[in-house]
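Please keep the structure open as you read.

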Amino acid sequence: MLVEQIMTRDVVTVNPHTPLIEALQLSRARRIRHFPVMQGQELVGIVSDRDMRDICPSILDPNWESAVRSLHIRDCMKRDVITVHPWDFIEDAAAEMFRQRVSCLPVVQDGKLVGILTERDILHTLIDMMGVLAPSSRIEVELPNRPGGLADVADILRARKVNACSVLVFPGDTPQTRRLVLRVQTMDPRHIIDDITAAGYRVIGPLRTGGRAG
Amino acid sequence: MKRRSVIIYSEDVLRYRFGEEHPFNPLRLRMTWDLMNELGLVTEDHIRVPRPASEEELALVHSPAYIEAVKRAGSGQAPPSPPGGGEPTWEAFGLGTEDTPIFPDMHEASALIAGGTLLAAQLVMEGEAEHAFNLAGGLHHAHRHMASGFCVYNDIGVAIAWLRREYNVRVAYIDTDAHHGDGVQWLFYEDPNVLTISFHETGKYLYPGTGDIHERGDGPGYGYAVNFPLEPFTEDDSWIEMLHQALPTLIKGFEPDIIISQNGCDGHHWDPLTHLSATTRLYREIPRLVHQLAHEVCGGRWVAVGGGGYDIWRVVPRAWTMLWAELSHQSIPDEIPTAWLARWQPLAPDPLPVFFIDPPGTFPAIPRRQEIENRNRITLRRSLMGTPFFT
C-alpha cells in the first residue's frame, strides 16, 4: 500500500507570519497537532502544538497577552522538514517516522504539498489490517522459518474452498519459527485445523475444549 | 382452554439442511421434539404449524437481489450478477460456500423458518399466546445482502422489523449463542427502539470475530447495541453472574414491549465449534431469567428461538427441552426418559447423558478459572458503563 492511499488530503496549513495565538486556536478547534508551514506554494517548515506551547510565556506573567500577541509561527517553526512522496510504501514511511521520532510527515510531490501522514493514519491502517474485515474465524499457526510453510497452509485453504480474509506473518518466539495469523471465512475451521496439524505444523490457537472433531 | 404458550414446529422445517457432513444438522430438532413428546410436554393445543414468510416480509431486512439469488440457487439456476456489477457468482451472496452450501429449495426451507418466527411474534402480539418458541429459528448471522455462518434468512431480523412496522413496539433482543449475534446487531444498529444484547465467546478466535464491547450502535441507535464478549473457557458461574448483573439492568432500563431471545446452546463444554465451558445448568438458568424479566417488564410477551448447538446428541435436546418446559410453565424430571435414550443411543457416537443437568465433576476443572472470571467482570463493567441504562 502507498502513502497516498491512507494520507489526509485536506491539509490545514499556516504561514510563517500567522500569529501564534491564531494557530493555537486553530489547533484546538480542529484537534490538529501539526501544521505544515507554507510560503506561497512552498513548504518551508512544520510546527507542532508542542513547539507553539513551548515558546508561550507563562500565564502567570502579567504581560502574558501582549507577549503572546507579539509571537508568530516563524518564531517556533522547524525549518528542517522530513517529507515523504505519495508513492512511498506505507511501511517505509512508518519506519521513517519511528527512526526520526516524528509523528507526522508532510507528503510532497513535484515540490507541492499534496497531503499529510500522521501516526493516527498509520495506526488506523494497522487496525484495519489486523481487524475483522468479514465474518471469520482466527487460526494461529507456528511455521518453521523456511520456504513452503505458507504455501502448504494456502493449499489446505484452497482444497477446503475457504477464503482467507486476512493473513499476517509475525516473527516467532525463536529465530527458527514464524507465527502465521489467518482469518478464514468459515464458522467451522475444524477441518482446516486438522489438516494443518496433519501437515506437521503446530496450531497455537484456538485451543480445543472437550468437543469431538466432526 | 387457551394455552399460554405455543411452540412452532412441523416436520417441514427439517428441510433446512446442508448435507450429511455439515455440522448444522436438523436431526437435533427431531431429537429435541422427540424428547419433549416423550415427556408429554407438548399437546395439540401447544402446536402451531409455521407458514412461509412472503418475499415482501423477507424484504423487510433482505435485499431483493439477495432473495433472488437464494431462489435461483435453490432451483438449480445460474447465479445473478451481484449488485454493483461484476462476475455473477454465488460467493458474492455468501452462498455455495463451505458454511452455506446450496441445497434444493433452499429459499422455501429458509422462508419457512423466517415465517415461523414471524408467526411466533404475531401470536404473542395478538394475545393468542403469552410466550412462543420457534424451535427451528435463531439464524442470527444472516446479513442483509448475504448468507453467513449457516444462516440464509435472518428470521429474527424479519420478525423484529415486522414488529416495528406493524406494532411500532420497542424490542429487546437477548442472544446467548456462543457466536456473536452479528446479523441482528447490524440490521438494527441505528435503531434506538431495538436493544440488541449479545453474550458470546470473544471474537479473538471464534467466528464471526465481532461483538467487541465498543460496538454500541450508531447515530440515534448509539447505546442500543450491547456486547458481552466472554473469555474462552468461561464456565457456568461466571456466565450466570454476568447474566444476572446485566440483564435486569438493561431490560428494566429499556422497558421493551416484547423480548425476543436467541437460545443457541453451543457454549456448552462439549460443543465442537466453540471454546466455552458451560454445562446444561446454564441452559436452565437463561430461560428462567428471561421468563422472569418478560413477566416483570413487558406483560410476559416473550418469543424464544433456537440457534446454534453442534453437539446435537448430548446437548441440544436437553437444552431446548428445558427451555420449552420453562416457557410453557411445566416441570421436568431430573432424569432423561429411558425410552428416549433407548431410541437414540444406538445412533449416537458418544454415551448420552442420563440427567438434564450435568452433575458436578462431569468436566475437568479449568486451570485459569480465577483469571477468566476477573476478565469477564472487567468486560461486564466496561460494557455496562457505555449503555444509557447504567446508573
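Here is a short briefing on a sheet in chain A, its strands, a helix and one serine.

This is a predicted model, in which local features need pLDDT of at least 70 and side-chain atom pairs count only at pLDDT 80 or more, while totals for chains, interfaces and linings use all residues. Residues are numbered from 1 along each chain as its sequence is written, chains are lettered from A and ligands numbered from 1 in the order in which they are written, and side-chain values use heavy atoms, with hydrogens and water left out.

**The sheet**

- Four strands of chain A make an open sheet, ordered E6-E7-E5-E8, with antiparallel pairing. Strands (E, at least two residues) and helices (H or I, at least four) are DSSP runs numbered from the N terminus, and two strands pair if DSSP finds at least two bridges between them.
- Strands E6 (164-171) and E8 (202-205) of chain A are at the edges with a single partner strand each, so one side of each has no neighbour in the sheet.
- On average, neighbouring strands here are turned by 25° against each other, direction ignored. Axes are lines fitted to C-alpha atoms, for helices over the stretch in contact, and angles run from 0 to 180 degrees between N-to-C directions.
- Helix H8 (residues 190-198) of chain A packs on this sheet and touches E5 and E8 of chain A, where contact means heavy atoms within 4.5 Å. The direction of H8 makes about 5° with that of E5(A).

**Strand E7 and its partners**

- E5 (residues 137-144) and E7 (residues 177-184) of chain A run antiparallel and are joined by 8 bridges. A:Arg138 has A:Arg183 as its bridge partner, and A:Leu143 stands opposite A:Arg178.
- E6(A) pairs with E7(A) over 7 bridges, also in the antiparallel sense, and a hairpin of 5 residues joins E6(A) to E7(A). A:Leu168 has A:Val181 as its bridge partner.
- Of the 8 residues of E7(A), 6 are buried, so this strand is largely enclosed by the rest of the structure. Buried means under 20% relative accessible area, exposed over 50%, and partly exposed in between (1.4 Å probe, protein chains only).

**A:Ser137**

- A:Ser137 lies in strand E5 of chain A and is buried, at 2% relative accessible area.
- The side chain of A:Ser137 reaches the backbone oxygen of A:Thr186 at 2.6 Å.
- Not counting residues up to four places away in sequence, A:Ser137 touches residues including A:Pro189, B:Tyr205, B:Leu206 and B:Tyr207.

Technical notes
Polar contact = N/O pair within 3.5 Å; in protein donor to acceptor, adjacent residues only side chain to side chain.
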